[in-house]
Amino acid sequence: MNFSYYPGCTLKNKAQDLDRWARLSAEALGIHLEELETWQCCGGAYSMGKDEIASKLASVRALQAAKEKGQDLVTLCSACHNVLKQANDAMANDPDFSLRANNYMALDTPYKGETKVIHYLELLRDVVGFDNLKKAVKNPLKGKKIAAYYGCLLLRPGKVMQMDNPENPRIMEDFIRAIGAEPVLWANRNECCGGYAVLEDKAIAVKKSTAVMDNAADQQAEMLITACPLCLYNLTKNSASETRLPVKYFTELLAEALGVKE
Amino acid sequence: MQDVNQFKPKIVAFCCNWCSYAGADLAGTNRLQYPADVKIIRVPCSCRVNPMFILRAFQRGADGVILCGCHPGDCHYTTGNYYARRRMTLLFSMLDYLGIEKQRTRVEWVSAAEGAKFAATMNEFVAAVTQLGPNKRLEDLRCKN
Amino acid sequence: MQELMLAKAKELLQNGTVNRVLGWQAGEFVYDITPAVFESEQDLDAGFVYNEFCGNNLSKYLIKESRKEGKVLAFLKPCDTYSFNQLIKEHRIIRENVYVIGVPCEGKTDGETLKSKGVKGILGAKSEGDELIIDTLYGEQRLSKRDALTARCLTCKSKKHVVYDELLGEEGEEVPENHRFEEVEKLEAMTPDERFAFWRGELSRCIRCNACRNVCPACSCEKCVFDNPASGISQKAAADSFEENMFHIIRAFHVAGRCTDCGECSRVCPQNIPLHLLNRKFIKDIDAFYGEYQAGEDTESRAPLTNFTYDDVEPSIVYKGGKK
Amino acid sequence: MQRIGVFVCWCGSNIAATVDVAAVSEALGHEPGVVFSTNYQYMCSEAGQNIIKNAIRDYQLTGIVVCSCSPRMHEATFRKTAASAGLNSYMVEIANIREQCSWIHKDKAQATEKAIILGRAAIAKVHLNAPLTAGESPVTKRALVIGGGIAGIQTALDIADAGFEVDIVEKQPTIGGKMTQIDKTFPTLDCAACILTPKMVDCAQNDKINIFAYSEVKEVKGFVGNFHVKINKKARYVDATKCTGCGECTEKCPMKKIPNEFNLGLDNRHAIYIPFAQAVPKVATIDPNACNMLKNGKCGLCAKVCSAGAIDYKQKDEIVEREYGAIVVATGYNPIKLDDYDEYAYSLSKDVVSSLEFERITNAAGPTGGTLLRPSDGKHPHTLVFVQCVGSRCSAEGKGKSYCSKICCMYTAKHAMLCREKYPDTEVYVFYIDVRSPGKNYDEFYRRAVEEYGVHYIKGQVGKVVPRSDGKLLVQGSDLLANEQVHIEADMVVLAAAIEPDKSARPLATMLTASMDTNDFFTEAHAKLRPVESPTAGIFLSGACQGPKDIPDTVAQAGAAASKVIGLLAKDKLTCNPCTAHSDEMMCNGCSSCEKVCPYGAISYVDKEFRMPNRTTAIRRVAVVNEAVCQGCGACTVACPSGAMDLKGFSNSQIMAEVDAICKM
Amino acid sequence: MSKYDREQILRTSGVNVLKCMRCGKCSATCPSYDEMEYHPHQFVYMVEKGEIEPLLQSKSLYKCLSCFACVERCPRGVEPAKLVEAVRLQVIRQQGMNHLKPDDIPALLDDDLPQQAIVTALRKYSK
C-alpha cells in the first residue's frame, strides 16, 4: 500500500533515526511511504491567528500535493502532524481562511481539506492493525516496562487531531503491547516537556522535563518512547531528574522488534 | 374631514387561541389602539392555518393576511408553531416568487403577555399594506385578456 | 434494451414470478407512447416498446396495479424510481406486489421537441453517445442530445436507480452538477414586477384540464380537495379567475417536500406552462432553508413539511431575499 | 338551514359607548338564517342569560351568536346557558366586540361597522357548526410507576394511600435506587437507609402495591386511562415465591469475584447474590453471565444448599401484560462515565473516585464498613481534594453536559463536613466554580462546612492530578482569588461527576410517545405550570428523569405526580375535548403525513375494506384519530393534502366561511 | 488604541471571551503558570474588559508553550492559547517588535537542538 509521506525538517537533520527506522519498518510491514517531492518546512508550530495565511501555505501545499496523488498523507514528527492536521482542518472548516489560502494557491480546483492526514501511529493502528503488527514482530521486547510519552502536540487539540482520547489515550500503549513490551500508565504522559521555549528559557524546559521524567521513573518505567524530536531532546538534555531513563523514538523499538534495525 | 376615497385595507389576522388571541385581548384590555381594518379569526393553533385559508382571503378581497402564534418553544401543543413556521416560510417565498408583494403576508409570534406588541404589529402591518394599495396581483395573476 | 426487457418480462411471466407487466406501448406514431399493462407474452409481442420516447413515469400506475391480485412487473427508469420510493413511503404502493426492474435511461426525447427542431416524418430514434440518430421518412437525421432531449432530461438529477429488485443494463451515476435550479434562479433575480409579468403570461394560458394533476405521482389523492364539495374550495368550473391561481399554488404546496422533480407536470401540459418551476422553487427553498432533501431518495426520512428543527428560519427570511 | 339567534351585549358602557349596539343587532337580524336578534345591558347576567334561554325555546333556535367580550371570558358561560335550554353547547359562537373592537377603537361608526362584520363572521361559522358531544373513555383504575427509586417509591405510596392499585417496575433486583447507595442526606445528615428502607418495606407490604423487580417495560400501547403495557420479568433463576432471602446460597457460591454493582465495583459479590441486606424483595438472583451452572452446566451448589428449593436453573423470562390508567416515569439518573476526564487520573489511580463511590466508601454497609479508607491500600487518607463540576456546565460543543447537575455542591459540602467530623486529622479541600446552595437550610449547611468544620474552599478548578507511586496524588489547581497555582499532595481525590438521565429513558420515551429534550431529560407539559406532567396525556414525571434533583425536590415532585395520577384515577370516565380531528376515510390516502405531525400520537392506521363501484371491494389504509388522545391543535389538517383530515369546531369550511364573511364587507 | 487592539485580538484569535465562566481550569492546567505574570484566565478576563495594554507589555506572551492544555481542558471551549497568540501577534507584527531575531539564534544553539525548536521559536517570537 502506498502513502504520501511528509518527513519535515528535523527528520532530515537531527532526527534522521526517527525517519530511517520508520521507513524500514513500513517496508517490512508492506507499506510504501512516498516522500512528497516538494515538501517545505511546516514551521514547527501552527499559527493560531485566523488571519495568518502565509505561514500556513507550506502545509496547504503539502496537503494539495497528496490530494493530487490521491493518497493519505502520513506524518511522523509530532509537530508536523499537529500543524498539518490543524491546517487541513482550517481548509475544510474555516471558509474565510480557505478562501484566502486558495486565492494564494491559485489552483484549478480549490483545496478544501480533502486529504486525510494520519500519523505513523495511526497507520500502525488503523491500516496495519496492532494485531497484525504483533504477528509481524520477530524480536518481541519481552518484559520491558516502557512509558509512552505523548507530549502536547500529538493529541491536542483533540477535536482537530482526532487521533485518540486526549486525556486517556491508548494508541502508544497498544503499540508497546504489540511489540511485546509492557506499557506503564502514568499521568504526565500528555504534559508538555517545555517545548521550543528551551531556546531562550532553559529553566522552563528543565522544570517541565524533570517533572515528566520523575513521573515516568516513579511509575517504574525503564524507558520512555516518543514521536517528537524536541521532546526527546528536552527529556535527554534538560531533565534534572535523578533518574535518567533512556528516551527513544518509538520507531527505533518498532524496527528492533521487526528485526529490521541495522 | 376624512378623505372618503382614502384606501382602507381589509386585513385578516389568524390568531392562535392560547397566546396571540389572548395577546389581542390584552391589547384591548389596555385600550391600545390599532386600525379597525384588522379582523381576527380565532384558531386553536397557528398550525391549524392552512395556506388555502390565506389564499381564500386574498381571493375574497383581503389586502393583507397576518398569522400570529405562540413564540417558538411556547406552543400550547408543544410543536404546532414549528410546523406553521415552515409552512408559512415556504408559502410566502412562493408568493414572492410569483411576484406578489411580500409585505401582504406576515407571521408574528405574540405571547399572551404581549398586548403592546400585538397592537404595534397590527399598526405596522396595516400601514405597510395601506402603502401598497389594494391587492390586485393575486387576482390578476391569471388575467385573461 | 427493448429485447432484453421483453425476454426478461416473458421469463418472469412464464415462471410465475409476476402475472402482468407494466410498461410502455407505442401508439399510432412511434413517439406517441402510452403506459400499458401487458398480461401475456402475446400482448408483449404485440405492443411492448422501450425506446427514446418512453418518458412517461410509470410509478403512479402502481398505486392501482399493486393493489390488484398477483404481482406486477414494473420497468422503472432512474427518475421513476424516486417517485416509486416516495409512494412506498406514503404507503400508496404495496411493495411486495411489485417486481421492479431498473432500466437505464440516457435522457428521453419526444415528438414535440424533435418537430421543433425541424424533424419530420419520425419513424424511430436511437441514442449514440452525445447524439440522437433519428430515422425519418426522409432518411436519417442526427441531432446533438442538447437539442434533442426534453428540457427536463437536460437537467437530469440522477441516472442511478434508488430502488429495484433487479437491474438491466449498466447502472448510471448521480448528476451532481445538474443546473436544475438555474431557471428558478433566473426568475428570482428578476424584479417582482417582471416575475409577476412572467407568471401572468404563463398561468393565464391554463385551461384547467387537470392533466398536470392526473399525471403527477404525488397528486394521487383518493379525492382531490378541489373536487370535494365539503372542502369549501371545490371548483366545478372556475368561478373566478382567482381559482386557477389558487389551484396551482395549492397544488405545488401539497406536493412540496414530496415532489421528486420528475417533470411530468410540465411534460403533459397542453399549454406548455412550465409548472415544474413552481415545484422546483419549493425544492430549492427547502434545500436552502432546511438542508438538502430529495424526495423519494429513501422510504424512511421525514419529509421537510412534516418535520422541523428548533432553530428553523423565520418566515421573515422572505423579506430578506431568502438569504440565511 | 340553521335558526340563529343573535345577542348583542352592551357590557354596560364598555361596548355600548363605542359601538351602536342597537344598529348591530338590527343589522345582524337581517342576516340569512337569523330569526331573532336583540341587545341587552349585560348578557352574562342572570337576566341576560334568561333572554338567551327564552329565545332558544321560543324561536327553536339551532344556533346562537353572542356579540360580547372575549370568548376567553364568557364562552363557557354561554355554552352552559345554551345547554340548560336544551341547545348543544357547541352551537354557540362568540363575536368578540369588546377586547377586539370597542376597547381599541374610538370612532363609533368604524367600531359599529367592525362589530357587524365580526358578528357576520360568527353567524357564518354557526351556520356550519354541528352539535358536538364530548366523547368519554373509561379509566383503568391502576397506575404504573416505571423506576423504583425514591421518586417511584414515593409516588407509588401516595397513589396507594389514596386507594388505587400501583405497580412498580424496577430493572434492578431490588427497589430503592440511588438512595440506597447514599450514606447520609443533606442538609440534615439523616442516614439515607434509615429513612428509605421503611418506605421500601411499606411498598412491599402495601396490598395495593405490586412490585415487579428485575423487570423492564417492553411495550406500551393505548392512551390516557387505557394503557396496555407488556412487562418483561427477567429470569432470576430463583423462585421468588419460595426464596426466603436467607443468604445461604450466596455464601456457598464458588464464583465470588464478580464486581459488585451495588458498591460500584469497589468489592466483589457472588454469582448468586442479594444486592444488600435490606433489599426489597429480598430474593436471591443468579447472574447468568457469571454462573457456571447456567454457562456450562457445572456446579449446582446453590440448588443443593437451598433448603427452600427455590433455585430454578430453567427459569425463563416472563412477559406480563397489564392495563393501566396512568403511567409515571421515574427512571432517575446516573453519574456520567469519567473516561474523558483523565486529567484527574480517574483511570490511573484507585484513589481518585467519583462522589457516588465515595458514598459507598463512607457507608457503614459499604466495602469498608464505613471507615474512610483509601481503595488502593486500605490506609486512612489525611488529605482529601474534592473537585466540583466534573462534566457539568460545559459548552454544548464539548464533551460534557451543558447543565448544572444541581446536587453536587450540597453533597460535596456534606462529604467534606463528614470527613472533618469523623476524622479531625484530615485536611479537606474543595475546588469550586460557584457554590450553588439555594434551598431551605442549604447555604447555612455549606457555611457550616467552612466555618465549623474548617473545610478549605478554593475558588478555582483542578487542572491535573498526578498519582505518585508512594500513594500521593499531586493535585495541581488554580486558586483564582489568590491568583496562584496551588499544588496539593492529596491522599484521595473525589470527583463530583455530572449526572445524566438513565440510558433506558430514551427508548422508554419512544414507547410512551413522551417528548424529551436534547439531554434526554423528559419534557414537562409546561415548564412553570405543569411541571409533573408530560405533554402526552396520562404520562407523569417523577424525580430526576425530568431534570437534576436532590431528594427533597424529588420527593416533592413524586407527591405532586401522585396527586395528578390520583386526580385522573378518581374519575370513572374521561371527558374528551370534542373539538378533535377527524379523518374522512373515503378521502384518506393513508399516507402517514398527519401521523408525523401529531404531537400526541393520536393517529393510527387501519386497513379497511371499501366497496367499489363494480361490486368489487378494495382494501385501503386509512387514518383513525383516537379522540381521547387528540387535543385538537389541527396540525394534521394542514399536513393532509387531500383534506380528509378536518377539525371539529374549527373545520376548513367554518374557517373559510369566517374569512369570506370578513372579506365580503 | 486599546479598543482597536481588543477588536483586532478578538478577530485574530476567533475567541469568544464571553463563553468564559471563570472556573480557572486553564490556569490550573497551565505548565508555564509560574513563569507568567498574567495567567491564561487573566488573558481572557482582561481582553474581555479591554485591559490590553498590560498584556501587550507582558513577558507572559513569550512563556506560553502552545501546548493546548488549556484549549483541551476548558469546559466552555474558550481556547485561551489562541488569545495569548493573538496578543503576541499584535505585538510582533509591529515594526521592530520582534522578540527573537535570527541573529540571536547562533548563540542559543547546541549540537543536539532539533531544527524544530528553532523554526517554532522563530514563528512564535518574530515576524
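Colleague: How do you know that chain A and chain B do not touch?
Modeller: Their nearest C-alpha atoms are 28 Å apart.
The model is predicted: local features need pLDDT of at least 70 and side-chain atom pairs count only at pLDDT 80 or more, while totals for chains, interfaces and linings use all residues. Residues are numbered from 1 along each chain as its sequence is written, and chains are lettered from A and ligands numbered from 1 in the order in which they are written.

Colleague: Which residues make up the contact of chain C with chain B?
Modeller: Chain C gives 38 residues and chain B gives 35. On the side of chain C, helix 8 (182-189), helix 9 (192-203), helix 11 (242-255) and helix 13 (276-290) each supply at least two. Helix 11 of chain C has the largest share, eight residues. Helices here are DSSP runs of H or I with at least four residues, strands are runs of E with at least two, and both are numbered from the N terminus.

Colleague: How does that side of chain C divide into nonpolar, polar and charged residues?
Modeller: There are 25 nonpolar, four polar and nine charged residues. Ala, Val, Leu, Ile, Met, Phe, Trp, Tyr, Cys and Pro count as nonpolar, Asp, Glu, Lys and Arg as charged, and the others, Gly among them, as polar.

Colleague: What are the elements of chain B, and why is chain B called as compact as a globular protein of its length?
Modeller: Chain B has five helices and four strands, in the order β-α-β-α-β-α-β-α-α from the N terminus. Its radius of gyration is 15 Å, close to the 15 Å that the globule rule gives for 145 residues, so chain B is as compact as a globular protein of that length. The radius is taken over C-alpha atoms, and the rule is 2.2 Å times the number of residues to the power 0.38.

Colleague: What percentage of chain B is buried?
Modeller: Buried residues are 70% of the 145. Buried means 20 or more other C-beta atoms within 10 Å of the residue's own, exposed means 12 or fewer, and partly exposed lies in between, with C-beta atoms placed from the backbone.

Colleague: What makes the four strands of chain D an open sheet, and which are its edge strands?
Modeller: The strands follow the order 2-1-3-4 with parallel pairing. Strand 2 (34-40) and strand 4 (92-96) of chain D are the edges, since each pairs on one side only. Pairing requires at least two bridges found by DSSP; strand 3 (residues 63-68) and strand 4 of chain D are joined by five.

Colleague: What angle does helix 3 of chain D make with strand 4 of chain D?
Modeller: Helix 3 (residues 71-84) of chain D packs on the sheet, touching strand 3 and strand 4, and makes about 150 degrees with strand 4. Axes are lines fitted to C-alpha atoms, for helices over the stretch in contact, and angles run from 0 to 180 degrees between N-to-C directions. Helix 2 (residues 46-58) of chain D lies across strand 1 (4-9), strand 2 and strand 3, at about 165 degrees to strand 1.

Definitions and conventions. Two residues are in contact if their C-beta atoms, placed from the backbone, lie within 7 Å.
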